[in-house]
Each structure stands twice: as structure tokens, then as C-alpha cells.
2 protein chains.
Amino acid sequence: MAEPASTSEGSPPPAGVPLSVETDLLDLVRFDAAGLIPAVVQDAVGLTVLTVAYMNRESLQRTIDTGRTWFWSRSRAELWPKGETSGDRQYVREIRLGCEGNSLVVLVDQHGQGACHTGSWSCFDRRLAVGPGVPTDR
Amino acid sequence: MAEPASTSEGSPPPAGVPLSVETDLLDLVRFDAAGLIPAVVQDAVGLTVLTVAYMNRESLQRTIDTGRTWFWSRSRAELWPKGETSGDRQYVREIRLGCEGNSLVVLVDQHGQGACHTGSWSCFDRRLAVGPGVPTDR
């Protein structure tokens, strides 16, 4: 029998779906003097913080239009569709706006190896400091 | 019988405990041109992202020394011990450093009403956009 025509490896990645937007809230997004807003990308399943990246107005709009994360690369000064070549794409479930309008949390389904260019699932793999906290019984 | 001398309402908030630090990593923290690094504060219990705030070198050091979050208020241009007056303190369990050294994730035990000045648990209570994501079976 013939092999299947398309293997998992060869098949194209899933397309994203445009997001539904609260347009009133979109008007409240505040970009900084450089035209950027920090976006905290969080794994929608495990809730791990995956990365912190920056969006400008156009990358936010492309994220909304495609259902995948687009960022502004400050070092390369270009729009950047996350995982376009690596396959480590992020498909958006929610974008949440901070109380002051100047930061975002983006809940995603992370595909591929993970979010980090090092190959790690999260960019926050290094533990700088630890303490006991003070647990509450809430 | 006499009432207890100290009620829950009247007792002082718990003291924080100094954090244990990886000093090699502390040298890798990169502050931006304004001397700041964004800190994503995450609830250590529920893993909700509570707030995004900024630290300078001194507020990071005070956070380490006290086991509670200290930030730099960009609007008031001053060091700010979170929850000092409100009681909405954050006791640190972990500080994690991003792969490029220019962002932090701080896992905390949130006390009091929550992290947001609006009285909400999280500063990210507003949903700007929603989509289906693309679930994976990992």
C-alpha cells in the first residue's frame, strides 16, 4: 500500500482564525512613546508565562486578524509573526487589557517546541531568586 | 472573659523573608535605557497574571532583601512597596529571569483584596479579544 500522501511533518500548520474584538476596549489600548505595548504571553493550558514581547498597533491588528501572535522586534525593527519559520506558533484564545491600558496578557495555544529561541518551552527557565512567600488560605 | 488583645484586623501584616539569590544570574539582569525592567507578577497559587510593573536596580534589591515586591513608579518617580498602605502585599516565592535578561516573572502569594488598584484580584480583568486558539494534545 502507498504511504499517506501527507505526513504530519509535511502538512502545513493550521491556519489561525480572526479574533472577536471589543472595539470599545481597542480604543483604550495605550502605546508608549515608541509606539509599543508589552505583551505577556501565557500558555492557555498550563498558565506558564512563556515570553514577554512587544506589539505596535499594526502587530496587534495582525494578531487580531490572523488569530496568531505578531510582535514588533525592537532589535530587528520589523514585524514578526511568531513561529513562522520554526513552527513554534501561538494561536490566540484571549487578549486581556491591563487596568491602565498599557500592557496586555495574551493567552495562547503554544505549538511546536515552545516559545523560546533556546528551545525551552518558556523564556523564563532561569530562577534568579527563591523564597517561602507567605501562603494564604484563600 | 477579655477579648483577645489582637484581632486579625489589628495585627500587623506578616514580615517578609529575604530571598535566596543566584548571584551569577543577578549580574545578567539587563535594565533598559531608563534603568528599568518589566516585572510580570503572577499569582503563585492560581497562576493568574496579576500585574505588570517596573523595577529598577534598587527596587529589585529591596524585593530580594524584604521578600516583598517593590517597584519603581514611573508616574510618581518613586520607589513603591506594593501594598504598604492597602495591605495588598505580595510575598515572593520566585523571581525568574527571561532568556534575554530583560524581563522578570515574579511568583507571589498575593494578600489582601488583590493586586489591582480597582479592587480586582488581577489588573487584567478586561477581555479585549477572544478566539478559539488551536488546541494541541500535548
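Me: How many residues does the contact take from chain B and how many from chain A?

Reply: The contact takes 47 residues from chain B and 47 from chain A. Two residues are in contact if their C-beta atoms, placed from the backbone, lie within 7 Å. Before we go on, this is a predicted model, where local features need pLDDT of at least 70, side-chain atom pairs count only at pLDDT 80 or more, and totals for chains, interfaces and linings use all residues. Residues are numbered from 1 along each chain as its sequence is written, while chains are lettered from A and ligands numbered from 1 in the order in which they are written.

Me: Which strand of chain B gives the largest share of the side that touches chain A?

Reply: Strand 6 of chain B does, with seven residues. Helices (H or I, at least four residues) and strands (E, at least two) are DSSP runs, numbered from the N terminus. That side of chain B divides into 29 nonpolar, 11 polar and seven charged residues. Here Ala, Val, Leu, Ile, Met, Phe, Trp, Tyr, Cys and Pro count as nonpolar, Asp, Glu, Lys and Arg as charged, and the others, Gly among them, as polar.

Me: Now the sheet. In what order do the six strands stand?

Reply: First the general idea: strands of a sheet pair through backbone hydrogen bonds, either parallel or antiparallel. Two strands pair if DSSP finds at least two bridges between them. In this model, the six strands form an open sheet in the order 1(A)-8(B)-6(A)-7(A)-2(A)-3(A), with mixed pairing. Strands 1 and 3 of chain A stand at the edges, each with a single partner strand, so one side of each has no neighbour in the sheet.

Me: How many bridges join strand 6 of chain A and strand 8 of chain B?

Reply: Four bridges, in the antiparallel sense. Look for E94(A), which stands opposite V130(B) in strand 8 of chain B. Strand 8 of chain A also pairs with strand 1 of chain B, antiparallel over two bridges, and there A129(A) stands opposite V21(B).

Me: Which residues of helix 2 of chain A are buried?

Reply: A residue is buried if 20 or more other C-beta atoms lie within 10 Å of its own, exposed if 12 or fewer, and partly exposed in between; C-beta atoms are placed from the backbone. In helix 2 (residues 57-66), the buried ones are S59(A), L60(A) and T63(A). They fall within an arc of 105 degrees seen down the helix axis, so they line one face of the helix. That arc is taken from the directions from the helix axis to the C-beta atoms. The buried residues pack against strands 3, 4, 5 and 6 of chain A.
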